[in-house]
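Please read them with the coordinates open.

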Amino acid sequence: MENINLHQEMKPVDVKKIKEMLNLKKGKMKRYLSHCAHCSLCAESCFLYMAHHKDPQYMPSYKAIYSLGRIYKKKGKVDRKLLTEMKGIVWRNCVLCGRCYCPIGIHIPSMITFARSILRSQEVYPQLDDVSSESWL
Amino acid sequence: MYAFIQGQLVSIAFFIFILGLIFQFFQFFKLTKKKEWIYPPGKVKREKKTAGQWVAFCLASLNGTLWKTDPLITVVTSVFHVFLILVPIFLLGHNILIDQSWGLSLWSLPESITDILTLVFLICVAFFLGRRLFLSRVRAITTVYDYLILLIAAAPFLTGYFAYHQWFNYDTVMTLHILAGEVMLITIPFTKLGHMLFFFLYRFLIGNEYSFARGERVW
């Protein structure tokens, strides 16, 4: 397991691949990200937000903006450190239950899903051991 | 410069605003396609409701909306958005200008009422600003851009209020008022303010309540 983790950390990020993925869903994701009014009204619809004493980092919009939003902002030029940071946001802070509610009608789970697939394409994902021990957080 | 802002730029702004919205509208339908149902939703035969039952149904379904979690913001945001559209359209001064140029005009509200409505609108803006500044969960996702968007939405009303009460130099305030309105019109199709159109378009993607066409489209 350690070897896999080491391998994950050492491998350089394939920016070209990320850019390709970003371009594929540009029309949808850019519109979603740009139309989010940052109103925070989605907060109460997330049970993780409610369960964590209303900690803002569990807000659905926060999770989308700080994972996929950041990748789009940097136009795919992200380093492994940032991707590892996002790993916690998209796998630990969100369980993709799909219950988040946006007044404007933005489908937040699809953004988190897309962020997960980008991370997975760079081999950044929680290992089974990590999940059970929660050491990857 | 003043002549340009008060003359040509108005037409340019409306031109960009309308063409931009049309572009975004067709772009949305180009980017999305009709959903291929795996399990098509069954056709539910709707029972006919009397007016009383319908009102009761509407009031009961309010509990499933933001009204339940945050009544204050629901009221403030509804008032904000309704006034944002209605006040400029039914303002006497605007209708006189339309009448002078096209010879037709809409029904307009008395000036004393629009004055109060503008003030209420500005209070809503202050509420949003306060939320952005003091609520930690809003501050967590706020950027400078959000303040700018709020300013773009509020500036025409603020300057209009100043102009009506003739505070400061009237000509300057009036020019700023026209400029602010033009900036808002131009930015609507291409920025965060695009939710004016996309609020409705996104309903085509939602396969549940509050949707159009049973959410028959997917990206």
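**Notes on the predicted model**

1. This is a predicted model. The buried residues of H5(A) are Pro60(A), Ser61(A), Tyr62(A), Lys63(A), Ala64(A), Ile65(A), Tyr66(A), Ser67(A), Leu68(A), Gly69(A) and Ile71(A). Because 11 of the 14 residues of H5(A) are buried, the helix is largely enclosed by the rest of the structure. Its buried residues pack against four helices of chain A: H2 (15-24), H3 (26-35), H6 (80-92) and H7 (108-121).

2. As to geometry, H5(A) covers residues 60-73 and spans 18 Å from first C-alpha to last, close to the 20 Å expected at 1.5 Å a residue. The helix has a kink of about 30° centred on Tyr66(A), a residue that is itself buried. Just after the helix, Lys75(A) takes a positive phi of about 55°.

3. The largest nonpolar core has 45 residues, of which Cys42(A), Val90(A), Ile108(A), Met111(A) and Ala115(A) touch the most other members. At least two residues each come from H3, H5, H6 and H7 of chain A and from H11 of chain B. H7(A) gives the largest share, seven residues. In soluble globular proteins, nonpolar side chains tend to be buried together.

4. Val90(A) deserves a separate look. Leaving out residues up to four places away in sequence, Val90(A) touches Lys63(A), Ser67(A), Ile112(A), Ala115(A), Arg116(A) and Leu119(A). Of these, Lys63(A) and Ser67(A) are among the buried residues of H5(A).

5. A second, separate core has 18 residues, including Val87(B), Phe128(B), Phe157(B) and Ile188(B).

6. On the contact between the chains, 22 residues come from chain A and 22 residues from chain B. On the chain B side, helices H4 (66-69), H8 (136-139) and H11 (195-201) each supply at least two residues. By class, that side has 12 nonpolar, six polar and four charged residues.

7. Most residues other than glycine have a negative phi. Ser40(A), not a glycine, has a positive phi of about 70°; it sits in the loop between H3 and H4 (47-51) of chain A. Gln166(B) also has a positive phi, near 55°, and lies in the loop between H9 (144-164) and H10 (170-187) of chain B.

8. Are these two residues buried or exposed? Ser40(A) has 24 C-beta neighbours inside 10 Å and therefore counts as buried. Gln166(B) has 10 such neighbours, so Gln166(B) counts as exposed.

How values were computed. Residues are numbered from 1 along each chain as its sequence is written. Chains are lettered from A and ligands numbered from 1 in the order in which they are written. This is a predicted model: local features need pLDDT of at least 70, side-chain atom pairs count only at pLDDT 80 or more; totals for chains, interfaces and linings use all residues. The expected span of a helix is 1.5 Å times one less than its number of residues. The bend at a residue is the angle between axes fitted to the seven residues ending there and the seven starting there. A residue is buried if 20 or more other C-beta atoms lie within 10 Å of its own, exposed if 12 or fewer, and partly exposed in between; C-beta atoms are placed from the backbone. Two residues are in contact if their C-beta atoms, placed from the backbone, lie within 7 Å. Ala, Val, Leu, Ile, Met, Phe, Trp, Tyr, Cys and Pro count as nonpolar, Asp, Glu, Lys and Arg as charged, and the others, Gly among them, as polar. A nonpolar core is a set of buried Ala, Val, Leu, Ile, Met, Phe, Trp, Tyr and Cys residues joined through C-beta atoms within 7 Å.
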